[in-house]
Amino acid sequence: MSISAREKAIRQRLKDDFLHYAPRCLKIRTKAATIVPLVLNDAQMLIHNAIQEQLGRTGRVRAILLKGRQQGGSTYVEGRFYWRVTHTKGMRAFILTHDDGATTNLFEMVERYHENCPALVRPTASTSNAKELMFDQLDSGYKVGTAGNKGVGRSSTVQLFHGSEVAFWPNAKGHAAGVLQAVPDEPGTEVVMESTANGLGNFFHLQWQLAESGQSEFIAIFVPWFIQREYRKPVPPGFQITTEEAEYQATYNLDLEQIVWRRAKTVELNNDETLFMQEYPATAAEAFQMAGLDPYIKPKIVMAARKCKLVDEPTGPRHLGVDPARFGDDRTSLCLRQGRKVHWIKSHSKKDTMQVAGIVKTTIDELGLQSRLGDRVFIDVGGLGAGVYDRLRELVTDKALLVAVNSSESPDNAVKYTNKRAEMWGEILVWLTNQPASIPDSDELHADLTQIKYSYDSNSALAMESKKDMKKRGLRSPDCADALGLTFARAPVPPKLDDENISKNNFNGGGGWMS
C-alpha cells in the first residue's frame, strides 16, 4: 500500500526522533492507574541527553545508570528499545531483571506500549507470550528473562540489552559476562545497566566505579532524587526545619516542600537515614554509603566545595600533586591546586614509569611551573613513584620544583597523625572546612573523599585506611583524593620577591601562598 508524502514525512520523524515519538506513540500507566502518553520527566530527560551524547560521540551506547526509586529509568529504557525494535530490521532487545515479578512488570510495560501504539507505526506481532514479543516482517523483537536462571540470555545475539536492578542480581558477574557477550561490538548497539544501590563491593558497584573513573567503555549516569518534581509535600502549619535539614536544604538548593517530603519518606523508612540515602540518593557517593560508616570527611563539606564559586581567580604558587599508580594497570592521578581552588584532577590508566614521567613533564611545561614563584610538584615515591621521580630529575631543568613524598614517612605533627598520608588527609579536611574552598564538580572525587575509613591509635593519632584495605571492601583506590592530599605535603614556600616581575600583592589573601 502506497503512502502519501505527508505520511512518509510523519513516519520518518517518528523514526528519527524519540522525543517526538514518545508522547505520540507510547502510553504508560501512572501511579494513579491511568493510561497516559509518555512525556519524559526531568530524570528521564537527564538519562536521554547523556545517552544521546554518547551515541553521537561513539556510535553506540554503553551506560551504567544509578538512580533512586520510581524515577522512570526502566520506563525510559523500555520505551526507547521498543521504538528502536519497531523501526529497525533485525533488531533484537533483551531485558534481564532481578526477580520474576520485575520480569513480568517490565514485559507488561512493553505489551502496553505495543497495544496502544498507533496503527500507522505499529508492526504486526507474530509471537506474543509471557516472555517474548516478535515482529516477523521486521525479524525484530523483545525478550525478557530473570537473573538466576542458568544460561539465560546466552544463546542468541542481541543488539539492545537492558539490565534492570543489576545490584540485586544473584551471580551478577556470571550473568553479565554471558549476556554482554551476546551484544556485538557494533555501531547502533545499546547496553544499559541500571539499579538502585545495594551496598559496596558487588558487581554493580564495581562497574559503577570503573565507569565513574573513566576506566571502562561505559558512561556513569546518576539521577538525584530531588530532580523529581513530584517529590514534594505541602508544608504543614507550624513546621519547624531542623539544623541538619537546613544544612541539607542549602547544600542541594531545595525548597521547603522537598524537605517535608524527605522527612516523611525517612519516617516511612523507620527513620533510617542511611536507607533513605540508598533508596533516594542526592549524590552517587551517598547511594553507596555504608550503614554505620562515619566518613572522615563528611559529604556535605565536599558538596559545599563542589558548589563553591570563588569571586576572584586564585593567584600565587601552584601545587601539583602526583599519585603514580603502584602497578601499570592502575591509575595515576594528578591534581593542580592553587590556594583555595583545585583547578583540575586528571587520571591516567595503564601507564608505565616512563609514560607517567612524560605526562608530568608535559604538564609542568604546559603550566609553566617555576620554583622561584613558589610552585612545587609533589610526587609520592612509594612503589612506582620512585622511578617516576628519578626520571623527572633527569628531564626537568628546574629541579627545585620536584619534591619527593613518601606517604608512610613520619608526619610533621607526630602527635596528631600516625604518618604523612594521615597528615595529608588531615590537611584536606582543614582546607575543605575553612570555606571558601573550591573543587571540581566531580562525583568521582566526591566518592574518593567520603568513602575512606579512619581510626586512632593508642596515642590518639589519626590513621587512614590503606588502599589495600579499601580494595578488600570493594572500593577503588582513592587516587584523586590522594593526589589532592599531596598538594598539602609540605608547607608552602614563599616566592622569591626580589624578582622585579613579582609583586607582593599577588601572594596574599585567599588563594595566595599564605593560604
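**View 1. Lining of the largest pocket in the predicted model.** Helices α4 (73-85) and α5 (100-116) and strands β1 (27-29) and β2 (35-37) each supply at least two lining residues. Helices (H or I, at least four residues) and strands (E, at least two) are DSSP runs, numbered from the N terminus. Of the 31 lining residues, Gln70, Gly72, Ser74, Thr75 and Met109 lie nearest the pocket centre. The largest share, six residues, comes from α5. The space in this pocket is about 1,000 Å³, the volume filled by probe spheres set on grid points joined across faces, edges and corners. On a 1 Å grid over the protein atoms alone, a pocket is an open set of points where a 1.4 Å probe fits, with protein on both sides within 12 Å along at least five of seven lines; lining residues have an atom within 4 Å of a point.

**View 2. Strand β11 (residues 319-323) and its partners.** Pairing, which requires at least two DSSP bridges, is antiparallel with β12 (331-338) over five bridges and parallel with β14 (376-380) over four. Asp323 has Ser333 of β12 as bridge partner, and Val322 stands opposite Ile379 in β14.

**Notes.** Residues are numbered from 1 along each chain as its sequence is written. Local features need pLDDT of at least 70, side-chain atom pairs count only at pLDDT 80 or more, totals for chains, interfaces and linings use all residues, and side-chain values use heavy atoms, without hydrogens and water.

Notes. Buried < 20%, exposed > 50% of the residue type's maximum accessible area, 1.4 Å probe, protein only.
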